[in-house]
Each structure stands twice: as C-alpha cells, then as structure tokens.
Amino acid sequence: MVLNQPGPWTKPAGLIRSRRAYAAAHVTPRVLGNNTPGAPADIDWDATLAFRHELWSWGLGIADAMDTAQRGMGLDWTATRELIRRSAAEAAGIATPERTIRDLLACGAGTDQLDPAAVEPGPKGLETVLAAYREQIAVVEESGAKVILMASRALSRVASGPADYLHVYSTLLAEVREPVVLHWLGTMFDPALAGYWGSGDVDAATATFLALIEASADKVDGVKVSLLDAAHEVRLRAALPPGVRLYTGDDFNYPELIDGDGESHSDALLGIFAAIAPAASMALQAYDGGDPVRARAILDSTRALGLHVFEAPTYYYKTGIAFLAWLNGFQPAFSMVGGLQSGRSVAHLVQLFRLADDAGLLLNPALAAERMGTYLAVAGINGKRAAA
C-alpha cells in the first residue's frame with residue numbers, strides 16, 4: 001500500500017473568526033504507568049499538553065476534561081482536576097487580548113467524583129449533586145477557562161422529572177461567574193444518561209432544555225448538543241434566544257451543520273476535530289476567506305473518517321482518536337487510561353488507517369506506516385493476512 005501525501009494543510013496566520021470552534025482533546029497515559037481498568041489515571045503530562053499546543057496552533061480552541069478525555073471511562077476526578085489546572089496554565093501562556101483563556105480553553109464540570117449508585121434519591125440527593133457540581137465549577141472558574149456544564153449520571157439517577165433538572169441547573173446558572181456551555185449528551189455516548197432533562201421523549205426533553213435557557217440566557221454562552229440528529233439540531237438552533245450559540249457535537253453531520261442553511265450555522269465543539277484538526281482548520285480558514293464551497297468540500301472529505309471513528313458503540317470513539325494521535329507521532333505508544341485501547345477491533349483500526357490516509361490526515365506517512373506495521377505485527381497479522 002502506497003500512502004498518500006498529507007493534505008495541503010496550512011496553519012492560520014491569525015484568529016479564525018467565521019466560526020467558534022473547540023476540539024475535544026484526549027489524554028495520553030504515562031507509558032510505564034499502571035493505566036489498567038479501575039486504576040487511577042497516570043498521565044504523561046508532557047505529551048498531553050504538547051497535543052493541546054498542536055491543536056491551538058491550528059487556530060482551534062480546546063474542549064478539555066470532556067468525554068473525549070475519558071471522563072467516566074478511565075479519567076478520575078483527581079487527574080481531571082490536575083488536567084484542568086495544567087491546560088489552563090498553558091493557555092494562559094499563549095493568551096492575548098484578542099484570544100482570551102476562555103477562547104482557548106473550555107473545561108467540563110460534572111459530578112463524576114460521586115458514585116451515582118450511592119447518591120440518595122430525593123431532595124438530599126439533589127443537594128449532593130449540586131455540591132459536586134459546585135466543587136468542579138470552582139476548579140474550572142479558578143483556572144480562567146470557560147465552564148462546560150456536563151451531563152451528570154448522578155442527576156440522571158436521582159431526578160424524578162423535569163423540575164429537578166430545572167432546579168439543579170437554574171441554581172448553578174445563577175451562581176456561575178460567567179456564561180457557560182450547557183452539554184446535552186445522548187445515550188449513544190453514555191447509556192447512563194437515558195431520560196435526561198426528565199423525559200425519554202426528545203421533544204419533551206427539548207422543551208425543558210429551552211425553558212432553562214430562556215430563563216437564564218444571560219448565563220448561557222451556548223449549548224453543546226451530541227444527539228447525532230441533524231434535523232433536531234437545526235430546529236433547536238432556530239429556537240435558541242439571540243446570542244446563545246449552538247456548538248454542534250454531531251460527529252456524523254458536522255459538515256452541513258457548520259456550513260449552515262444560508263440563515264444560520266452551528267459553531268463546533270467536536271471530538272472529531274481532534275482527529276482532523278488540520279482539515280478542520282483549513283475549512284474554517286476558507287469560511288473566513290469567503291469561500292464556503294471550498295470549506296464545505298474540505299469538511300465533506302473527512303466525513304467518512306468521522307462516521308467510522310464514531311460508529312456504534314459510539315462511546316468507544318476515543319480509541320480511534322488516540323490511535324490516530326499515535327500514528328501521527330503525538331504520543332509515544334498506543335495506550336489509553338483505563339486500558340481503553342482495547343475498545344476497538346484490529347479490523348476497525350485498519351479501516352481507520354485507510355480512511356485517514358484517504359483524507360490526507362496521516363501527517364508523516366513514513367512514521368504512520370512504520371507504526372501501523374508494528375501494530376499489525378503485535379496483533380499477529382503478517383503482510384499476506386493484512387492484504388487479505
């Protein structure tokens with residue numbers, strides 16, 4: 001197999017202005033750390049932070065301490081707190097009056113220091129959830145980063161209906177210092193979040209979500225919706241109060257949602273942007289330059305890769321993000337906290353390699369080929385089997 005050369009990717013000379021975009025970044029474990037299932041995360045901070053500088057160099061903001069970083073799937077709260085503080089310190093070092101820490105970095109605040117099964121239902125449980133949120137919000141606010149209010153497994157477990165969600169979120173929105181991003185994560189990303197916003201019916205849940213936003217619009221920078229439903233996102237986008245952004249979290253349909261319908265468009269807060277950062281940057285630069293046709297073509301050229309990385313079971317997409325980072329030399333080994341590198345099959349990762357090559361996203365083809373060969377050899381696949 002002869003690999004393609006990387007795409008004609010060029011880093012931006014200045015700020016990207018046409019869309020606000022955050023790439024959700026993963027973490028790199030320490031090679032000799034005990035990153036086995038159930039063990040506390042042991043992070044390679046040099047590699048993890050270097051990858052964030054790589055994303056910033058493409059003009060993208062970073063969404064950190066999110067599900068891409070394995071919140072609830074290997075990244076414990078102790079490591080998360082350190083990640084937020086370290087990433088924010090790096091962002092502070094490159095921030096400018098035009099590009100503040102909040103523009104560079106948004107971080108997830110949730111309740112994953114709690115064991116959902118141990119939270120008592122009823123008013124006492126809701127207060128426990130509020131206290132956990134407050135603890136994490138304080139860490140993000142003190143860092144200077146933008147707060148992303150993540151969905152809570154504990155709240156999903158103890159809430160009895162829409163009123164409980166409105167109570168918790170409206171209380172937090174009244175308390176935050178600056179506008180936040182509200183995160184709605186679908187069950188394809190986390191099955192424990194079934195019935196979020198108090199209903200299994202998406203339209204009913206959306207009505208509760210909108211009621212919250214309308215009542216506290218001055219405290220909502222935007223919403224991040226990860227339901228993989230483009231039609232729902234377009235309807236929600238049209239219903240949002242003026243000034244509230246919709247950050248698409250749809251890693252299947254992002255090309256058309258970012259492109260827009262001629263009247264409005266979605267901004268972006270996407271895990272796939274960590275995998276396709278050079279292409280995403282070039283597309284956004286094309287929008288800045290008044291060439292939406294080229295921008296859309298670039299985004300469309302990455303769609304097959306996005307569909308594959310996020311195929312069911314979607315919550316294992318992080319494995320593909322880490323694998324591509326390893327192929328491109330951004331981490332020393334194909335490993336993940338919690339042993340999650342086993343989340344995808346050999347066949348899946350072989351196809352990921354091919355699709356990344358098709359999209360021009362193997363940035364150093366010789367290195368990628370060498371590492372892919374090593375991976376296949378360890379998997380027990382020789383050249384003849386690979387060809388088959």
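With which side chain does the side chain of Ser226 make a polar contact? In this predicted model, local features need pLDDT of at least 70, side-chain atom pairs count only at pLDDT 80 or more, and totals for chains, interfaces and linings use all residues. Residues are numbered from 1 along each chain as its sequence is written, and side-chain values use heavy atoms, with hydrogens and water left out.

The partner is the side chain of Lys224, at 2.6 Å; a polar contact is a pair of N or O atoms within 3.5 Å, where, within protein, one must be able to donate a hydrogen and the other to accept it, and residues adjacent in sequence count only if both atoms are side-chain atoms. Ser226 belongs to strand S6 (residues 220-226), strands being DSSP runs of E with at least two residues and helices runs of H or I with at least four, numbered from the N terminus. The relative accessible area of Ser226 is 0%, so Ser226 is buried (buried means under 20%, exposed over 50%, partly exposed in between, with a 1.4 Å probe and protein chains only).

Ala65 lies in the loop between strand S2 (61-64) and helix H2 (77-94), and Gln70 is placed in the loop between S2 and H2. Ala65 counts as buried because its relative accessibility is 0%; Gln70 counts as buried at 1%.

A cis peptide bond, with omega about -5°, joins Ala312 and Pro313. Pro313 is found in the loop between helix H13 (303-309) and helix H14 (317-327).
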